[in-house]
Amino acid sequence: MKQSEKVMPKKEIEKLIRELVSDGRHNDDEAFDIADGILFDEEGLKAGIKKHYSVRDPQGWLANKIS
C-alpha cells in the first residue's frame, strides 16, 4: 500500500454497507457488480477493507456483505 493512499475509516465502511442493503439484499451477480462499482467509485474503500477486516479479496468480501 502506498503511503499516500487513503484508507476509509471502519465506521464509514459500515455505514456504506448499511446503505447498500437498506433496500434489501442483492443476488450474487448483482452484489459482485455493485461491489465492483463501489470499490471503483469510493476512494479508500478497498484499502480500508483490507486494513480493518484483514481480507485479500475486497470485492468478494463486500459482495458477500450485501448479498
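## Nonpolar core

A nonpolar core is a set of buried Ala, Val, Leu, Ile, Met, Phe, Trp, Tyr and Cys residues joined through side-chain atoms within 4.5 Å. In this predicted model, the largest such core comprises 16 residues. Those with the most contacts inside the core are Ile 13, Leu 20, Ile 38, Leu 45, Ile 49, Trp 61 and Leu 62. Two or more core residues come from each of the elements α1 (10–21), α2 (28–41), α3 (45–53) and α4 (58–66).

Ile 49 is one of the residues with the most contacts inside the core. Leaving aside neighbours within four places in sequence, Ile 49 is in contact with Ile 13, Leu 39, Ser 54, Val 55, Pro 58, Trp 61 and Leu 62.

## Packing of α3 against α4

The axes of α3 and α4 come within 10 Å and cross at roughly 85 degrees. Because of this angle, α3 counts as roughly perpendicular to α4. The residues of this contact divide into 6 nonpolar, no polar and 2 charged.

On the α3 side, the contact involves Leu 45, Lys 46, Ile 49, Lys 50 and Tyr 53. These residues meet Pro 58, Trp 61 and Leu 62 in α4.

## Lys 6 and the segment before α1

Lys 6 lies in the segment that precedes α1. With a relative accessible area of 36%, Lys 6 is partly exposed. When residues up to four places away in sequence are not counted, Lys 6 touches Glu 43, Gly 44 and Ala 47.

Lys 6 and Gly 48 are 42 residues apart along the chain, and their C-alpha atoms are separated by 8.1 Å.

Definitions and conventions:
Residues numbered from 1 in each chain as written. Predicted model: local features only at pLDDT ≥ 70, side-chain atom pairs only at ≥ 80, totals over all residues. Heavy atoms only, no water. Buried < 20%, exposed > 50% of the residue type's maximum accessible area, 1.4 Å probe, protein only. Helix = DSSP H or I, 4+ residues; strand = E, 2+ residues; numbered from the N terminus. Contact = heavy atoms within 4.5 Å. Axes fitted to C-alpha atoms, helices over the stretch in contact; angles between N-to-C directions. Parallel < 35°, antiparallel > 145°, perpendicular 65-115°, else oblique. Nonpolar A, V, L, I, M, F, W, Y, C, P; charged D, E, K, R; others polar.
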